[in-house]
Structure formats: structure tokens, C-alpha cells
Amino acid sequence: MMAESLSTELPSHLAIIMDGNGRWARRRCLPRGEGHKRGARSVRKIVTHCRELGVQHLTLYAFSSENWRRPDREVSQLMELLCEFLVEETSTLLDNGIELEAIGDTARLPSRVRELLTAVREQTRGLGGMRLNLALSYGGRDELVRAIRQLVHQAREGELRPEAVSEQLVAEHLDTRHLPDPELLIRTGGEHRLSNFLLWQSAYTELYVTDVAWPDFTTEQLEVALTWYRGRRRRFGRTDEQLEGLEDQGYLMGSGPYSVIP
Ligand code: IPE
Ligand code: IPE
Ligand code: MG
């Protein structure tokens with residue numbers, strides 16, 4: 001099928017908004033924390049499965065810049081779970097060649113989390129099997145503000161002319177500077193919104209929303225999302241006729257508007 005051949009088989013960068021833990025727990029008359037614990041199990045399964053599939057970059061929205069507004073108790077619980085994950089999963093990351101990174105305003109995280117993040121990042125640096133990016137204290141607007149501040153600073157020092165500001169330059173100042181844009185974004189928990197996730201990077205990302213809550217999200221459901229992705233026709237502003245012409249010339253449309261198309 002033409003539509004299938006237009007997306008590359010597998011996204012090289014998959015991003016996931018892991019939502020619905022609280023509602024999952026409430027439906028079972030359990031405390032919200034139970035939902036987060038079960039959500040952590042899904043993280044383990046999905047990370048390993050993505051590695052097996054050959055996904056190169058997996059970005060998980062684990063804690064947003066707005067999640068600091070939650071009750072202190074819930075924030076502490078989430079930080080505790082994150083520490084547990086980092087301690088318990090290091091060996092799995094090492095065994096599977098998975099490199100850990102974090103995006104977001106990580107300076108706001110508690111010192112124990114920061115120390116563990118630094119340690120696991122150092123231990124897994126350069127493994128190259130897959131890159132797991134945890135979005136922690138991450139907000140797309142906050143990320144853009146931090147990038148703009150850096151650029152303004154360079155301009156004030158006389159190191160940057162206004163004409164030199166380009167999309168590429170902005171992208172190079174974001175937390176995701178080493179990553180391609182995500183081809184596919186999955187949101188569990190049924191909400192049709194970005195909630196401040198990867199605002200710049202998801203300009204042309206395929207968006208897949210499932211009602212399944214994150215603790216119930218399985219590798220089979222991931223496969224359903226990937227099958228849906230394969231059927232997308234990614235036009236990047238062009239017409240279908242242009243795409244067919246480009247396809248005849250052997251161009252693939254899965255990797256973003258700038259890198260593969262003349
Ligand atoms: C996602 O689940 C986890 C985080 C945001 C940290 P929620 O806790 O948002 O679950 P719901 O949306 O209340 O069900
Ligand atoms: C998005 O979920 C953030 C994460 C999954 C970490 P939220 O539950 O915070 O999003 P809203 O508040 O419903 O938009
Ligand atoms: Mg939520």
C-alpha cells in the first residue's frame with residue numbers, strides 16, 4: 001500500500017505521555033500512589049520492548065513542570081518511585097545497552113534524584129543500544145524560555161546577530177538538541193492534549209491517543225500503536241501527488257521535514 005510505504009517501518013524516536021495512573025487507581029478504590037507503582041511496571045516492560053524492537057530514542061514524560069502543583073505527598077511519592085526505578089533498573093539498562101538521559105529543568109529535582117540520575121547517566125554513557133530520555137520537571141514552554149535566554153545572552157555579548165537565528169539554531173538550544181524530532185507520540189489515559197510536552201519538537205509528529213490507562217498499557221497495545229503509525233501518510237505540507245513523485249525517486253517520508261527530502 002502506498003500509505004504504508006510512506007512512513008518508515010519504526011519510529012526512530014518514540015515519545016510517550018504516560019497518563020491515567022490516578023484514574024486507574026481510583027477505579028479500583030486504591031490510593032493514587034498505587035496507580036503510580038503499577039505505572040512503573042509498565043515503564044519497565046515498555047522500555048525493554050522498545051529496545052528489542054530497535055527504537056533508537058524513547059522519551060517518557062514522567063513528571064511535568066506543572067506536576068509540581070500536586071500535593072506534596074504525591075510529589076514525594078513520585079520522586080521516591082523514580083529513585084527506586086533508577087536503582088533497580090540500572091542493571092537492566094546496562095545489560096541491554098540502554099543509555100539514560102534526562103530532559104527538563106532537572107535542577108529543581110531533589111538532590112537524591114539528581115545524584116542518582118548523574119550516576120546512571122555516567123554508567124550508561126556511550127552504550128548506544130537505545131537512548132532512554134526521561135522528561136523530568138519538563139515543560140515545553142519552560143524549555144523554550146531557557147533556550148531563548150541563552151540566545152539573548154549570546155546576542156547581548158555580541159556573539160549572535162538576529163539574522164543568524166534560525167529553526168536549526170533554536171533546536172540546538174533545546175534539551176533535545178541531540179535527538180531527532182519524534183515521529184510518533186503516544187498518550188495513554190484518553191486526553192487529547194499535549195500538556196506542555198515537546199511543543200517545538202512535535203510540530204509534525206503523529207499523535208496516537210488511547211483510552212487505556214498507563215498501568216494497563218501492554219506491549220500488545222504498543223504494537224497496535226506502531227501498526228497505526230505505519231499506516232500514516234506524512235505529508236510535511238506537501239500534496240499526495242508530490243509524495244508519490246518523491247517516493248518514485250526513492251525518498252522515505254518518515255524522518256522529518258528537513259533531513260530526507262530535497
Ligand atoms: C500520570 O498519571 C503520571 C503523572 C502525571 C506523574 P496521573 O497521575 O496524571 O493520572 P490521572 O491523569 O490523574 O489519572
Ligand atoms: C501529563 O499528564 C504529564 C505526565 C504524564 C508526566 P498530566 O496528568 O499532568 O496532564 P493534565 O494535567 O491532565 O493535562
Ligand atoms: Mg493525568
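**Exercise 1. Sort the shell around ligand 2 by class: how many residues are nonpolar, polar and charged?**

*Solution.* Remember as you work that this is a predicted model.

Step 1: List the neighbours. Ligand 2 is surrounded by Ile17, Met18, Asp19, Tyr61, Ala62, Phe63, Asn67, Arg70, Arg187, Arg193 and Ser195.

Step 2: Sort them. Five residues of this shell are nonpolar, two are polar and four are charged.

Step 3: Look for the element that contributes most. Strand 2, residues 57-64, supplies the largest share of the shell around ligand 2, with three residues.

**Exercise 2. Which side chains place an N or O atom beside an oxygen atom of ligand 2, and how much of ligand 2 does the protein cover?**

*Solution.* Step 1: Start with Ser195. An N or O atom in its side chain is 2.6 Å from an oxygen atom of ligand 2.

Step 1: Move on to Arg193, where a polar side-chain atom lies 2.8 Å from a ligand 2 oxygen.

Step 2: Now consider the cover. On its own, ligand 2 has 390 Å² of accessible area, and the protein covers 78% of it.

Step 3: Find the site on the protein. Ligand 2 sits in the largest pocket.

**Exercise 3. Turn to ligand 1: which residues surround ligand 1, and how do they divide by class?**

*Solution.* Step 1: Name the shell. Around ligand 1 are Met18, Asp19, Gly20, Asn21, Gly22, Arg23, Arg32, His36, Ala62, Asn67, Arg70 and Leu78.

Step 1: Sort by class. This shell holds three nonpolar, five polar and four charged residues.

Step 2: Check the backbone contacts. A backbone N or O atom of Arg23 is 2.7 Å from an oxygen atom of ligand 1. For Asn21, the distance from a backbone N or O atom to a ligand 1 oxygen is 3.1 Å. For Gly20, a polar backbone atom is 3.4 Å from an oxygen atom of ligand 1.

Step 3: Work out the cover. The protein covers 87% of the 380 Å² of accessible area that ligand 1 has on its own.

Step 4: Trace the elements. Helix 2 (21-27) and helix 3 (32-53) each give two or more residues to the shell around ligand 1. Helix 2 gives the most, with three residues.

Step 5: The space taken by ligand 1 is the largest pocket.

**Exercise 4. How many salt bridges does the whole structure have, and which parts of the chain does the pair Glu89 and Arg44 link?**

*Solution.* Step 1: Take the total. A search of the whole structure finds 19 salt bridges.

Step 1: Zoom in on one pair. The side chains of Glu89 and Arg44 form a salt bridge, with N to O at 2.7 Å.

Step 2: Locate the partners. Glu89 is in helix 4 (residues 72-95) and Arg44 is in helix 3, so by definition of the pair's position, 45 residues apart, distant parts of the chain are linked.

Definitions and conventions:
Residues are numbered from 1 along each chain as its sequence is written. Chains are lettered from A and ligands numbered from 1 in the order in which they are written. This is a predicted model: local features need pLDDT of at least 70, side-chain atom pairs count only at pLDDT 80 or more; totals for chains, interfaces and linings use all residues. Side-chain values use heavy atoms; hydrogens and water are left out. A residue is near a molecule or strand if one of its heavy atoms lies within 4 Å of it. A polar contact is a pair of N or O atoms within 3.5 Å; within protein, one must be able to donate a hydrogen and the other to accept it, and residues adjacent in sequence count only if both atoms are side-chain atoms. Accessible areas come from the Shrake-Rupley method with a 1.4 Å probe; for residues, only the protein chains shown count as cover. On a 1 Å grid over the protein atoms alone, a cavity is a set of points where a 1.4 Å probe fits but cannot get out, and a pocket is an open set with protein on both sides within 12 Å along at least five of seven lines; lining residues have an atom within 4 Å of a point. A molecule sits in a cavity or pocket if more than half of its atoms lie within 2 Å of its grid points. Helices (H or I, at least four residues) and strands (E, at least two) are DSSP runs, numbered from the N terminus. Ala, Val, Leu, Ile, Met, Phe, Trp, Tyr, Cys and Pro count as nonpolar, Asp, Glu, Lys and Arg as charged, and the others, Gly among them, as polar. A salt bridge is a side-chain nitrogen of Lys or Arg within 4 Å of a carboxyl oxygen of Asp or Glu.
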